[in-house]
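Please read the following report beside the sequence and the three-dimensional view. It moves from one position to the whole chain, and then to particular residues.

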Amino acid sequence: MVTTQCLDETSTTTLLVITFDYDSSGKQDHFMYYTPGSGQVTIYKANADGTFAKVYSQGSSTPGFGAGNVDLTNPGDRVMAFDFLGNGKLDHLLCYRPNTGDVNPGLVSILQKNADGTFLAVFTSNQGIGKYNLANPIDKIVAFDFLGNGRLDHLLCYRSHEGICWILQNNNGNFSAVYQNNGQGIGGYSLLCDANHQDLIFPYDYSGNGHLDHVVCYCPGLGAIYIIENDHGTFKPTSIQQGYGGSGISTFDLSNPLDRIIGYDYAGSGSLDHLLCYRPGTGLVYILQNTNGAFSPVYPPNGSGTPSDGIGGYMLDNSDAGIIAYDYSSSGHQDYLFCYRTAGNASIITVTLQNYANVPVAVVQNKQVLVTLPPAPSSGQPSSTQVQVDSTAEVLLQEPGNWYAVCSVAPNTLKNGSTIMNNVTWGPSVACNIQ
């Protein structure tokens, strides 16, 4: 069954989506749109007739949730569902703001929903969480079942490029590290990809027992992927071990920086034990099953169709397309797919960056570093990468460290597929070369 509905979610900044146990039922049957940078938040539930209704909404005039210290007015703000009470319910929201140049970097709030639909902060900090300082704009947090008991009540905090990975336990709101590595990643996966790419991590039910007690670490564009098990606090790779420059997993080669992987309950068993792999802008989709550590595609079925046809009528032909698993039927099984685009009114496009300088150059938009290009390998041969930008906002190229202005691109100048190159002359009023 395919359900399509216009939800009138528009924004001049990026729209993001998560699932959330809004009514503490133990089911991920609500979803939340939010727009970091504007503070807009909307939470929806599914009606019996298949339509969706708002159960919570805040606009930019009253941003965020009216509680805590993260109001979602910064483009770097992120929100995730978390089992704060350790009862198997993802009914709290963890909101965090990694260092984006604010006076108080590393802001964190954990919110619980009150009976009247408002939110209350049960944890706040402006110095990160559990001594993990969130001092870098690329810091990320995911919930993780560290104890293997079916509860996402630990936090895995990581920083690509630097090999940093911590896991935090929660003791009545006091967070402390149960795993800490400050340079070599986790379970053999180094978290040390190059500056043109970014490592990503999510929890996964490798054993098919309903517990998200393994982690998938991967690097889109470099073919790297590890699936890592936790043996009483000692992390080690399973049979899936592809380093940087590897060939991905099964039929999905992870050769594109836009590639993404999520866990999915394909069989409706209550276990997120399949991997859904997709490439926005191309329609490429595979769903992989795990048979004793060997992964093979179950979608497209029996070779019918092609993997570039999208899925269920959703073509994935836009570079800002996204997919998450969702419990649409309130069955306790995340066996539906919520397909969406991250652009509201904004035009999220993919551009190529080329750096001809002999120093690194950072690409900055809305006070957030999108990517850092290394120095050019040689004269006339630039370093290069692709990145998604909002074409309605200014793009800045800056030299990291002192943050000298290199050049800029004015709003509404770029189109999908444009190439941005730095100029020989640098300065705050210098325009980048565009092709």
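In which strand is the place of K45? K45 belongs to strand β3, which covers residues 40–46; here helices (H or I, at least four residues) and strands (E, at least two) are DSSP runs, numbered from the N terminus.

This is a predicted model, in which local features need pLDDT of at least 70 and side-chain atom pairs count only at pLDDT 80 or more, while totals for chains, interfaces and linings use all residues. Residues are numbered from 1 along each chain as its sequence is written, and side-chain values use heavy atoms, with hydrogens and water left out.

**Surroundings of K45**

With a relative accessible area of 36%, K45 is partly exposed; in this report buried means under 20% relative accessible area, exposed means over 50%, and partly exposed lies in between (1.4 Å probe, protein chains only). If neighbours within four places in sequence are left aside, K45 is in contact with D29, H30, T51, F52, A53 and V55, where contact means heavy atoms within 4.5 Å. From K45 to F31 the distance in space is 6.8 Å, C-alpha to C-alpha, and the two are 14 residues apart in sequence.

**The chain as a whole**

The chain has 30 strands and zero helices. Its radius of gyration, taken over C-alpha atoms, is 21 Å, close to the 22 Å that the globule rule gives for 435 residues, so the chain is as compact as a globular protein of that length; the globule rule is 2.2 Å times the number of residues to the power 0.38. Taken along the principal axes, the box filled by the C-alpha atoms is roughly 60 × 50 × 45 Å.

Of the 435 residues, 53% count as buried. When contacts between residues at least 6 apart in sequence are considered, 50% of them join residues at least 24 apart. The chain exposes about 17,800 Å², of which carbon and sulfur atoms supply 46%, the areas coming from the Shrake-Rupley method with a 1.4 Å probe. There are 17 positive and 34 negative charges, and their mean positions are 4 Å apart; Lys and Arg count as positive and Asp and Glu as negative, while His and the chain ends are not counted, and each charge is placed at NZ of Lys, CZ of Arg, CG of Asp or CD of Glu.

**Nonpolar cores**

A nonpolar core is a set of buried Ala, Val, Leu, Ile, Met, Phe, Trp, Tyr and Cys residues joined through side-chain atoms within 4.5 Å. The largest such core has 56 residues, and those with the most contacts inside it are F65, L94, I129 and L155. Not counting residues up to four places away in sequence, F65 touches M32, V41, Y56, L72, L93, C95, L111 and F119.

**Backbone features in loops**

Most residues other than glycine have a negative phi, and most peptide bonds are trans. Against that background, N172 has a positive phi near 55°, and its place is the loop between β11 (164–171) and β12 (174–182). L254, which is not a glycine, also has a positive phi, of about 55°, and is placed in the loop between β16 (234–242) and β17 (260–264). Are these residues buried or exposed? N172 counts as exposed because its relative accessibility is 76%, whereas L254, at 0%, counts as buried. The peptide bond from Y299 to P300 is cis, with omega near 0°, and P300 is in the loop between β20 (294–299) and β21 (321–326).

**Further positions**

H232 is in the loop between β15 (224–231) and β16, and its relative accessible area of 81% makes it exposed. G245 is in the loop between β16 and β17 and is exposed as well, at 66%. A321, in strand β21, is buried, with a relative accessible area of 8%; leaving aside neighbours within four places in sequence, A321 is in contact with Y278, P280, Y314, L316, Y340 and R341.

| Pair | Apart in sequence | C-alpha distance |
|---|---|---|
| H232 and Y328 | 96 residues | 34 Å |
| G245 and C219 | 26 residues | 9.6 Å |
| A321 and F31 | 290 residues | 17 Å |
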